[in-house]
Amino acid sequence: MAETRTRASGIVTPTRGAARLTVSLDTLRLERDAKGRVTGSRRVAGSADQDAGKETGLLLTEAAERTASAVAGLQSAVAQVHEWRDGDGLPVSRRAELLARVETPGGPVLLGTSGQGDPAGLVEALPWNELGALSEPFVPADPPDDWRERPLLLRPSAAAVLVAGAAFSLTSRGGRATAARLAGRRILPQLTLTDLPSAPPESGLDDRGDPAAATVLVDGGRICPPPPLAEGIALGRAVWDHDTGGFGPPPLARLELGGPRAEVPPDAVELVWCVEGLQRYHGDGTVRLQCLARVADRPGGWFRLALRGKPVHLLRQARGLAGPPMAVHSDSDVTTRSLVLAGAAEMEGAGHAVVTVITP
């Protein structure tokens, strides 16, 4: 059995003149044995991969234009379009990813999303309204006196960091042992965390020939046993590496967070954007987010909050998920709604977090 994979990668950076756009193509012809295991590959070129290259360029051009109209601060944007074709060259599946680094008056932020199928709507899927709120005039403000008693609302771009951190804490070498020990115990409030396969849904197999199915890491708040390993890689997650001629894990995790719905608290402190250029994950298992924040009942004024804690401990303070789901792409692909957490005072009282105001 044979198949073809194309990866079109591009980057756009602003210059004094027109934006500089670069697109590269990498197309592999893979062979599978009767059990579906990839046995080898070779690089090829053909007319079909040009479509993916064109779409990548259009995606980046549109993102640059849209960013300029919103905040006029694009630093760079990268995109990838992945295309799978069968042995006869017929399209089987497609997936695209877009990530832009944008300079705002409040600091640099990342704007990223991904999606299956036609990439044409990817740019419109980004939260431009929230990004536009950071444009001039930018008004720094002090948080209200009672901000520590107000619930926290992590918008998807901030919530995705906690989701990715929690998944890593359950699937890393040490995390697998913890998950095995806690399997069956309820430690989260009705949240379900799912690891999704990187293989296209149409194939049903990873590159080792194992079934590529969704793996539930946390089911309704209960820790699930860690997925079994095969050749050191989670079952159903093996990806062929042409350069090494072997298998490896997916380049990034694809995750989904589900749970009970909640209304957006009218007095919430909203953590809208994470400021980039700062270390998020630390060796002791904690995450530290420096976020641009505002209060829901006082629009227009922004301040910075730092949130620190272990991801699973922070998710214990969840009160529900609010708003529409959004696919957030950065160092992981995370689909999540906004996350409603307890207030800073309550979380600190439980020993699960440290929340502080960052003064200029």
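**Exercise 1. Find which residues line the largest cavity and lie nearest its centre.**

Solution. Begin with the lining: it holds 25 residues, and L110, P156, S157, V328 and S330 lie nearest the centre of the largest cavity. A cavity here is a set of points, on a 1 Å grid over the protein atoms alone, where a 1.4 Å probe fits but cannot get out, and lining residues have an atom within 4 Å of a point.

A word on the model before you go on: it is predicted, so local features need pLDDT of at least 70 and side-chain atom pairs count only at pLDDT 80 or more, while totals for chains, interfaces and linings use all residues. Residues are numbered from 1 along each chain as its sequence is written, and side-chain values use heavy atoms, with hydrogens and water left out.

Next, look at the elements. β6, α3 (156-171), β17 (269-274) and β20 (318-329) each give at least two residues to this lining, and α3 gives the largest share, 5 residues. Helices (H or I, at least four residues) and strands (E, at least two) are DSSP runs, numbered from the N terminus.

Finally, sort the lining by class: 16 nonpolar, 5 polar and 4 charged. Ala, Val, Leu, Ile, Met, Phe, Trp, Tyr, Cys and Pro count as nonpolar, Asp, Glu, Lys and Arg as charged, and the others, Gly among them, as polar.

**Exercise 2. Describe the lining of the second largest cavity.**

Solution. First, list the residues: L170, A179, L217, I223, C224, P225, P226 and P227. Then sort them: 8 are nonpolar, with no polar and no charged residues.

**Exercise 3. Work out how α3 and α4 are placed against each other.**

Solution. Start with the axes, which are lines fitted to C-alpha atoms over the stretch in contact, with angles from 0 to 180 degrees between N-to-C directions. Those of α3 and α4 (residues 173-182) come within 4 Å and cross at roughly 80°. The two helices, α3 and α4, are therefore roughly perpendicular, a term for angles of 65 to 115 degrees. Now name the contact (heavy atoms within 4.5 Å): S169, L170 and T171 of α3 meet R173, G175, R176 and A179 of α4.

How values were computed: On a 1 Å grid over the protein atoms alone, a cavity is a set of points where a 1.4 Å probe fits but cannot get out, and a pocket is an open set with protein on both sides within 12 Å along at least five of seven lines; lining residues have an atom within 4 Å of a point. Angles under 35 degrees count as roughly parallel, over 145 as roughly antiparallel, 65 to 115 as roughly perpendicular and the rest as oblique.
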